[in-house]
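Biologist: Can we go through this one together? I'd like to start with the strands and then move to the side chains.

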Amino acid sequence: MPVINEGASTGASFSTTGSYRVATFTGNGTLVVTTGGTIEYLQVAGGGGGAAGNFGFGGGGGGAGGFDDGTFTSTASTYTVTVGAGGASGAADDPGSDGG
């Protein structure tokens, strides 16, 4: 079972759900693992921004977000976590941008 140094990790809030210890990142940070083991993860991706409307017509909707889940075998190390933003809406007559 992996051991996480919560005090040395940055950018995460930690909680317990059932038998799971959960690290939630809403911005960039690090996860400090002091004893390796199998870590389960869930990544949630932001959706793309919608297009702006023009001339009294509404713009198109943004693209859907996505998710990925799985496991990996960690070692004693510091892991960098990068969190991107969802896509911004477009200006009039321009499409929105890609999500992060």
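Predicted model: local features only at pLDDT ≥ 70, side-chain atom pairs only at ≥ 80, totals over all residues.

Biologist: Switching to charges. How many salt bridges does a search of the whole structure find?

Modeller: One. R21 and E6 meet through their side chains, at 2.8 Å from N to O. That pair links distant parts of the chain, 15 residues apart: R21 belongs to strand β3, and E6 sits in the loop between β1 and β2.

Biologist: How accessible are R21 and E6?

Modeller: R21 has a relative accessible area of 47%, and E6 has 30%. Buried would need under 20% and exposed over 50%, so R21 counts as partly exposed, and E6 does too.

Biologist: Now pockets. What volume does the largest one have?

Modeller: About 1300 Å³. Its lining has 32 residues, and A23, I39, E40, Y41 and L42 are the ones nearest the centre of the pocket.

Biologist: Which strand gives the largest share of that lining?

Modeller: β4, with eight residues. β3, β4, β5 and β6 each supply at least two.

Biologist: And what is the lining by class?

Modeller: 18 nonpolar, 10 polar and four charged residues.

Biologist: Y41 came up there. How many aromatic pairs does the structure hold?

Modeller: Two. In one of them, the ring centres of Y41 and F72 are 6.4 Å apart and the planes are at 50°, so that pair is tilted. This pair also links distant parts of the chain, with Y41 in strand β4 and F72 in strand β5, 31 residues apart. The other is F72 with Y79, an edge-to-face pair at 5.7 Å centre to centre and 65° between the planes.

Biologist: Which residues form the aromatic cluster, then?

Modeller: Y41, F72 and Y79 form one cluster.

Biologist: Last one: what are the accessibilities of Y41, F72 and Y79?

Modeller: Y41 is at 29%, F72 at 31% and Y79 at 24%. Y41 counts as partly exposed, as does F72, and Y79 is also partly exposed.

Definitions and conventions. Residues numbered from 1 in each chain as written. Heavy atoms only, no water. Salt bridge = Lys/Arg side-chain N within 4 Å of Asp/Glu carboxyl O. Helix = DSSP H or I, 4+ residues; strand = E, 2+ residues; numbered from the N terminus. Buried < 20%, exposed > 50% of the residue type's maximum accessible area, 1.4 Å probe, protein only. 1 Å grid on protein atoms, 1.4 Å probe; cavity = no way out; pocket = protein on both sides within 12 Å on 5 of 7 lines; lining within 4 Å. Points joined across faces, edges and corners; volume = space filled by probe spheres on them. Nonpolar A, V, L, I, M, F, W, Y, C, P; charged D, E, K, R; others polar. Phe/Tyr/Trp six-rings, centres within 6.5 Å; stacked < 30°, edge-to-face > 60°.
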